Amino acid sequence: TMADMDMDWAPEKEQCVYTACYCEENVWKLCEQFRSHGRAPDALHVVFISTHERMAALWKQKAGDSRQENLVVWDYHVILLVREKHDKQALVYDLDSVLQFPVPADVYFRDALRPGAVLRIGAWPGRRIPDKIYRVIPGGAYLQEFASDRSHMVNKDGGWIAEPPSYPAIASNSSTNNIQEFISMNPDSLAPGQVMSEKEFIKTFS
């Protein structure tokens, strides 16, 4: 019933389903939790972060190098932004971050995304890591359309790159595996959502 709906409900970190290296599923489960507590679907924004080269630099990550402010260069990363109509700014839920949970968007942008940070890659002297690109997907569409059979986490010997979650793989009505469409930053990808530059993304959610 509507009486049971709590528009301000938010999970503690300990209440969240978490599997290391499966950020896309952790965020799917988080969306599901928000929806089951009656949070408005249009308040939920799932964000895939990557580049055409699949190199996205993020700081303040649990898996990161503490000598470099917990920097990780992920092939892609997924976070959840929550902003109700009355909220001045969004909150970021990143289960892989060492920042507070959730964290105000401006703090996350400054400390984890660091727009404009020049990062050079050791193996390629002078080569800059490209600017991050963002695919922003409405939470409802993500729950309905995302699917992963986890095959991207299998190495060439058939073993797991990282142990998968214990619950069944997520499938949609139309697909058992479309994760690559979501990771793709090609605007013509079949995945829902809007592809934004870093500048556009930060402006939208600041």
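**Stop 1: a strand and its partners**

Select S1 and S9: these strands run antiparallel and are joined by six bridges. Strands count as paired if DSSP finds at least two bridges between them. The elements themselves are DSSP runs, with helices (H or I) of at least four residues and strands (E) of at least two, numbered from the N terminus.

Before going on, note what you are looking at. The model is predicted, so local features need pLDDT of at least 70 and side-chain atom pairs count only at pLDDT 80 or more, while totals for chains, interfaces and linings use all residues. Residues are numbered from 1 along each chain as its sequence is written, and side-chain values use heavy atoms, with hydrogens and water left out.

Pick Arg-135 and you will find Val-195 of S10 opposite. Is S9 enclosed or open? Five of its six residues are buried, so S9 is largely enclosed by the rest of the structure. Here buried means under 20% relative accessible area, exposed means over 50%, and partly exposed lies in between (1.4 Å probe, protein chains only).

**Stop 2: His-45**

Select His-45, in strand S1. Across from His-45 stands Pro-138 of S9. With a relative accessible area of 18%, His-45 is buried. Which residues does His-45 touch, leaving out those up to four places away in sequence? They are Ile-79, Leu-80, Leu-81, Val-136, Ile-137 and Phe-205. A contact means heavy atoms within 4.5 Å.

**Stop 3: the cores**

Move to the nonpolar cores. A nonpolar core is a set of buried Ala, Val, Leu, Ile, Met, Phe, Trp, Tyr and Cys residues joined through side-chain atoms within 4.5 Å. In soluble globular proteins, nonpolar side chains tend to be buried together.

Select Phe-34, Val-46, Phe-48, Leu-80, Tyr-142 and Phe-146. Of the 30 residues in the largest core, these touch the most other members. Two or more residues each come from H1 (23-36), S1 (44-50), S4 (77-82), S9 (133-138), H3 (139-145) and H4 (179-183). H1 gives the largest share, six residues.

Zoom in on Leu-80. Not counting residues up to four places away in sequence, its contacts include Val-27, Leu-30, Cys-31 and Phe-34. Leu-91, Val-92 and Tyr-93 are also among them. Then select Val-47, Ile-49, Val-72 and Val-136. They are among the 23 residues of a second, separate core.

**Stop 4: empty space**

Rolling a probe the size of a water molecule over the atoms shows where empty space is left. The search uses a 1 Å grid over the protein atoms alone. A cavity is a set of points where a 1.4 Å probe fits but cannot get out. A pocket is an open set with protein on both sides within 12 Å along at least five of seven lines. Lining residues have an atom within 4 Å of a point. Grid points are joined across faces, edges and corners, and a volume is the space filled by probe spheres set on the points.

The largest pocket holds about 240 Å³ of space. Of its 13 lining residues, Cys-21, Asp-75, Tyr-76, His-152 and Met-153 are the closest to the centre.

How many cavities of 30 Å³ or more are there? The count is two. H1 supplies the largest share of its lining, four residues.

**Stop 5: Arg-114**

Select Arg-114, in the loop between H2 (105-113) and S7 (120-121). Arg-114 counts as buried, at 19% relative accessibility. Beyond residues up to four places away in sequence, Arg-114 touches Trp-59, Lys-60, Glu-69 and Phe-109.

**Stop 6**

Most residues other than glycine have a negative phi, and most peptide bonds are trans. Select Cys-21, in the segment before H1. Its phi is positive, about 75 degrees, although Cys-21 is not a glycine. Cys-21 is partly exposed, at 40% relative accessible area.

Arg-150, in the loop between H3 and H4, also has a positive phi, near 70 degrees. Arg-150 is buried, at 6% relative accessible area.

Finish at Pro-102, in the loop between S5 (91-93) and S6 (103-104). The peptide bond from Phe-101 to Pro-102 is cis, with omega near -10 degrees.
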